[in-house]
Each structure stands twice: as C-alpha cells, then as structure tokens.
Amino acid sequence: MTLVEAGSLTPQQRGIVRAIYEDAFPEELQVPFDDLFVDRMLVLLDEDGPAGFALVRDLPETRWTFLRYYAVGRRGRGTGSTMWGQLTARLAADGRTRLIWDVEDPDEAGLSPELVDEHRRRIVFYERLGGRLQPVRDYLPPHDDGHAPQLLLMDVPLADEPDPPLRVLVETVYLRRYGVPATDPVVRRTLLASDL
C-alpha cells in the first residue's frame, strides 16, 4: 500500500475516491467533491486501487496540519491504520510537527444510538493510533454551510517538541483553520467552558 498525491490519480481512480468520500460522510458534512482540491489530498492505493484518502491543510504561520477528512473505503483489513501510519510519517517528513482534527461529539443531544456508537468508535480508532482527545468543551467552529455540529478536538504530535498550552492550540485552530479570532464570542465561550 502506498500513499500518493491525488494529482497523480487517473480519472477512474479519482472516481473511486469520490465514491469513498460520498459514502463515508453524511451529506450535511460534505462539500462539493471538486472543492476538496483546494487542500492537499493524499490517497492510499493498494492492489485493488484507491482504498482511502486524507484531506489535510497546513495551518498558516505554524508547522501544524489540520485533518479535514479521513475516510477508508475497505474496512477490516487494517487499511485505516496503515494509511494513518503513512500519513503521519509523510507529514513528519515534510516538517510538520502536529496533526489536529475535529471529531463529532458522541454526547451531542438528540443523536440516534447508532450515531453515538459511530462517533465513539471513531474516537477509539484515533486514540488507538496515538490520537489524543483534548479537554475542550463547547467547541463549535463555524462551517461554510451554517451547520455547526458539536465537536471535540483531537491531536497527535508529529515531532519531539513540547505540547503547546491548550489555550494556544484552541485559539490557533479557530483562527488558522476557521478564520475566527480569539476575541470572537464563539472562541471565548469555548475557552471559558474549557477553563482556559
């Protein structure tokens, strides 16, 4: 299995990646597929073709990378773990020092039992691979479509360096990923709820 840049894919392979994307995420969490390519897409290829993809964005003025989407098309074969290992190794080799991402909060009010279980499984998957669930509460970053799901914040260090203060991590993600400054009421609410 090899992780490749999406620009090297054939049209047929790109179609398979699109199907993985559309199958993995509910419509309310999707953007038009072609809009994904404003960021860096890395695709895992195995003997059968595209097996998964990661969409990442380097956060300006940092050496941190934000994981926007992570999806595997064939489960139960270690594909997700293999892709994670290759992704984090690639980013570290590129000089990136931290990978950060959002996950849906399984404790969000009104979720079906199936969604609660799915959200918990996703967190456990990332934790098994070294991801750390940060103690951040009321984390509600804005989304382009106005949809604001209740989220949690996770990260994994990619280099041997001290962890930033949690407040810096939160403020940096809001500003560099979502364009929301620390003075915004949304950020202030998150910081207060998280005792930061």
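The lining of the second largest pocket comprises 7 nonpolar, 3 polar and 5 charged residues; here Ala, Val, Leu, Ile, Met, Phe, Trp, Tyr, Cys and Pro count as nonpolar, Asp, Glu, Lys and Arg as charged, and the others, Gly among them, as polar. Nearest the centre of this pocket are Pro 26, Glu 28, Leu 29, Glu 104 and His 119. A pocket is an open set of points on a 1 Å grid over the protein atoms alone, where a 1.4 Å probe fits, with protein on both sides within 12 Å along at least five of seven lines; lining residues have an atom within 4 Å of a point.

The model is predicted: local features need pLDDT of at least 70, side-chain atom pairs count only at pLDDT 80 or more, and totals for chains, interfaces and linings use all residues. Residues are numbered from 1 along each chain as its sequence is written, and side-chain values use heavy atoms, with hydrogens and water left out.

The largest pocket has 41 lining residues, and Phe 25, Tyr 70, Glu 104, Arg 122 and Tyr 126 are the closest to its centre. Its lining divides into 18 nonpolar, 8 polar and 15 charged residues. Strand E4 (64-72) supplies the largest share, 7 residues. Strands (E, at least two residues) and helices (H or I, at least four) are DSSP runs, numbered from the N terminus.

E4 belongs to an open sheet of 7 strands, ordered E1-E2-E3-E4-E5-E7-E6 with mixed pairing. Two strands pair if DSSP finds at least two bridges between them; E4 and E5 pair in the parallel sense over 4 bridges.
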